[in-house]
Amino acid sequence: MTDRLTIRRPDDWHVHLRDGAMLQAVAGHTARQFGRAIVMPNLTPPVTSVAAAEAYRGRIMAALGEGVDFTPLMTCYLTDDADPAEIAAGHAAGVFTACKLYPAHATTNSAHGVTDIRRLTGVLETLQRIGMPLLIHGEVTDKAIDIFDREAVFVERVLTPLTRDYPGLRIVLEHITTAEAAAFVAEADHPIAATITPQHLLINRNAIFDGGLRPHAYCLPVLKRETHRLAVRRAAVSGSPRFFLGTDSAPHVVGAKESGCGCAGIFNAPFALEAYLRVFDEEGALDRFEGFASEHGARFYGRPLNEGTVTLVRDAVAVPDRIGTGETAVVPFMAGETIGWRFDG
Ligand code: NCD
Ligand code: ZN
């Protein structure tokens with residue numbers, strides 16, 4: 001049995017670092033484990049300009065303090081009025097790594113998102129031309145569609161025609177949760193990849209209703225039934241370069257989760273690598289962990305692999321019930337549980 005695993009330093013290709021006090025509280029957890037991260041732009045107001053992204057990047061680095069070796073990769077939040085010239089200029093200047101498409105009202109802080117993808121023709125043509133990735137929250141927002149079907153319907157109604165209309169557009173389907181999404185990404189004759197979160201690998205929708213309503217297991221896209229979890233697991237450990245690590249760590253202060261209308265989002269940054277490694281260990285796929293965590297994403301984004309390594313050790317580490325106090329008190333993913341691996345730096 002392997003009790004100690006050293007891999008090339010990994011990256012997190014989808015994370016919410018927030019702003020203000022929460023940013024101060026959470027940024028270090030991500031920087032401790034990962035060399036780079038794709039930082040989501042769904043602040044209030046959203047990050048839609050090059051200037052806003054540069055300022056936000058500066059706040060992230062300030063929150064981390066001197067001497068921390070971490071690179072935040074910034075994204076542009078697409079609205080109906082997104083300006084292709086601004087996006088291309090931000091990309092050329094090395095500020096914007098990718099654009100993020102939130103269908104309007106699909107998730108936290110997505111009210112300014114895109115009402116109809118046909119509004120984005122100029123933007124999509126530009127992204128395709130300059131090779132800049134489009135990151136997609138892949139759920140339809142039609143309230144008539146069952147919430148558990150919204151990703152699969154998105155794949156059929158939006159993603160399939162999108163790949164047909166823009167054959168060269170580089171796409172990352174974010175935080176996939178269904179067999180349909182995993183199959184589409186694995187098989188499409190298209191430059192497409194997907195990120196996968198630890199929660200969608202480790203728990204299914206029963207966790208939301210386990211003995212009572214469990215707001216800390218609520219995220220979007222919502223957890224699905226067990227067959228989908230197993231399909232997403234198979235994709236993660238398959239060795240396919242189209243699947244890579246993206247935590248979707250999304251902290252909300254405890255009172256905003258434990259509420260009559262609780263926010264969507266699971267805070268998994270403090271023990272992210274340990275949680276993923278548990279999955280690869282359970283699947284007998286430790287030899288594929290490094291590809292998923294440290295190689296596939298960098299290659300898709302056309303970036304060099306990180307220098308340096310991290311080591312994880314088999315150990316019974318208990319996840320605390322709560323992290324932080326006051327306006328930054330958060331309940332981490334797997335609170336009160338033991339993961340089975342320890343991050344050793
Ligand atoms: C994210 C958040 O809180 O910003 N929530 C979530 O459940 N994943 C938004 C998102 O990625 O959908
Ligand atoms: Zn997210």
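**View 1. Charges across the predicted protein model.** The mean positions of the 33 positive and 41 negative charges of the protein are 1 Å apart, where Lys and Arg count as positive, Asp and Glu count as negative, and His and the chain ends are not counted. Each charge is placed at NZ of Lys, CZ of Arg, CG of Asp or CD of Glu. This is a predicted model, in which local features need pLDDT of at least 70 and side-chain atom pairs count only at pLDDT 80 or more, whereas totals for chains, interfaces and linings use all residues. Residues are numbered from 1 along each chain as its sequence is written, chains are lettered from A and ligands numbered from 1 in the order in which they are written, and side-chain values use heavy atoms, with hydrogens and water left out.

**View 2. The setting of threonine 197.** Threonine 197 sits in the loop that runs between strand E8 (192-196) and helix H7 (198-202); helices (H or I, at least four residues) and strands (E, at least two) are DSSP runs, numbered from the N terminus. Because its relative accessibility is 0%, threonine 197 counts as buried, a term that means under 20% relative accessible area, with exposed over 50% and partly exposed in between (1.4 Å probe, protein chains only).

**View 3. Polar partners of threonine 197.** The side chains of threonine 197 and histidine 200 are joined by a polar contact of 2.7 Å, that is, a pair of N or O atoms within 3.5 Å; within protein, one must be able to donate a hydrogen and the other to accept it, and residues adjacent in sequence count only if both atoms are side-chain atoms. The threonine 197 side chain also reaches the backbone nitrogen of glutamine 199, at 3.4 Å.

**View 4. Neighbours of threonine 197 from elsewhere in the sequence.** Leaving aside residues up to four places away in sequence, threonine 197 touches His175, Gly246, Thr247, Asp248 and Tyr276, where contact means heavy atoms within 4.5 Å. In the protein, 72% of the contacts with a separation of 6 or more are between residues 24 or more positions apart.
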